[in-house]
Amino acid sequence: MLEVYPVLCRPDYMDNYAYIIIDSASKLAAVIDPSEAAPVIKKCNDLGIKPQYILNTHHHFDHVDGNIELKNKYNAQIACNSADMHRIEGADIGLEAGKTFSLGESVAEIIDVSAHTIGHILYYFKSDKILFTGDTLFNLCIGGIFEGTAEQMFAALQKIKSLPDDTLFYPGHEYTMGGARFAFAYNHGNEDIQKYLTQARERLSSGLPVAPMSLGEEKKCNPYLEVSTLAEFKSNWGFYSSYKPNGLTTLVGVERYLTIPWHSAPSKLGVFCKACNKKALPKAEPFYLYQIRTICFPNLHRFLD
Ligand code: ZN
Ligand code: FE
């Protein structure tokens, strides 16, 4: 069995999740995407473990910055896509898509999802029904396309969609509320999205990550997984710029979920109401600024201040 412990890193700024995973049979442990060393070391101390491996999904700084400190402290080995070894400092083990990585008795299939970056991989622990999605799939949204194409992102999402509905997925960031407004509107505030957001709110209110959600729940509520053709995906890539709030139902519906407390104090990064330029949202991700700005209701600040 695989135990999973999320560790929030860069809170209030990027809200990365590193994950400490432990194979219960062998007690071997690994850290997935250590954005920072300090919070990971603290959690390892709490758990009384020393990770033998560091596993990276991709090379971005907010996923690898803790690598070297942890490698040195624990004499751990860094594993990543073999194609990314040249750009991940201190990489020891090159992984190949289609092959596996074993942490004791827990075996991860390595799935290539090149799009966010070329060489981005997922770790899919098939028998445990656990999937680490890095910056490809988040709750209710997806990662930006930095190095690949829309075609590649669509193909990557189809690979994820082909996995069983009862798979639990763990994303690289807490971006749920960044995607919530659009997902709510896209799903016309239906029962599925309401259920999803209620669950998300409960978890965040208790200081927990929204993850893990099941892929089955995600397929019903994440607009990017809901589209079924490349044409639809591409035309919807402008989702955020084309969406216009269309009535009170949406406004009231979204408002109910905007009172969700974050893990930590509101960010200095703000989004500003188009109508009055007053700070409109308690926090926003830089990558998602545009998305939130364009769906910002003229009087959004009225219930957020
Ligand atoms: Zn990234
Ligand atoms: Fe990231």
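1. Contacts first. Of the contacts in the chain with a separation of 6 or more, 60% are between residues 24 or more positions apart. Two residues are in contact if their C-beta atoms, placed from the backbone, lie within 7 Å.

2. Basis. This is a predicted model, in which local features need pLDDT of at least 70 and side-chain atom pairs count only at pLDDT 80 or more, while totals for chains, interfaces and linings use all residues. Residues are numbered from 1 along each chain as its sequence is written, with chains lettered from A and ligands numbered from 1 in the order in which they are written.

3. Overall content. The chain has 12 helices and 16 strands. These are DSSP runs numbered from the N terminus: helices are H or I, at least four residues, and strands are E, at least two. Of its 305 residues, 43% count as buried. Buried means 20 or more other C-beta atoms within 10 Å of the residue's own; exposed means 12 or fewer, and partly exposed is in between, with C-beta atoms placed from the backbone.

4. The sheet. Six strands form an open sheet in the order β7-β8-β9-β10-β13-β14, with mixed pairing. Its edge strands are β7 (100-103) and β14 (213-214), each pairing on one side only. Two strands pair if DSSP finds at least two bridges between them.

5. The antiparallel side. β8 (residues 106-112) pairs with β9 in the antiparallel sense over five bridges. There, Glu109 has Tyr124 of β9 as its bridge partner. β9 (residues 121-125) is in turn antiparallel to β10, over three bridges. Tyr123 is bridged to Phe132 of β10. The two strands make a hairpin with four residues between them, and Lys129 in the turn has a positive phi of about 55 degrees.

6. The parallel side. β10 and β13 (residues 168-171) run parallel, joined by four bridges. Leu131 has Phe169 as its bridge partner in β13.

7. Burial of β10. Five of the five residues in β10 (130-134) are buried. Ile130, Phe132 and Gly134 point one way, and Leu131 and Thr133 the other. In a regular strand the side chains alternate between the two faces of the sheet.

8. The core. Which residues touch the most other members of the largest nonpolar core? They are Tyr19, Ile20, Ile21, Ala30, Ile32 and Ile54, in a core of 70 residues. Helix α5 (residues 176-186) gives the most to this core, with seven residues. A nonpolar core is a set of buried Ala, Val, Leu, Ile, Met, Phe, Trp, Tyr and Cys residues joined through C-beta atoms within 7 Å.

9. Leaving aside neighbours within four places in sequence, the contacts of Tyr19 include Ile32, Phe132 and Tyr170.
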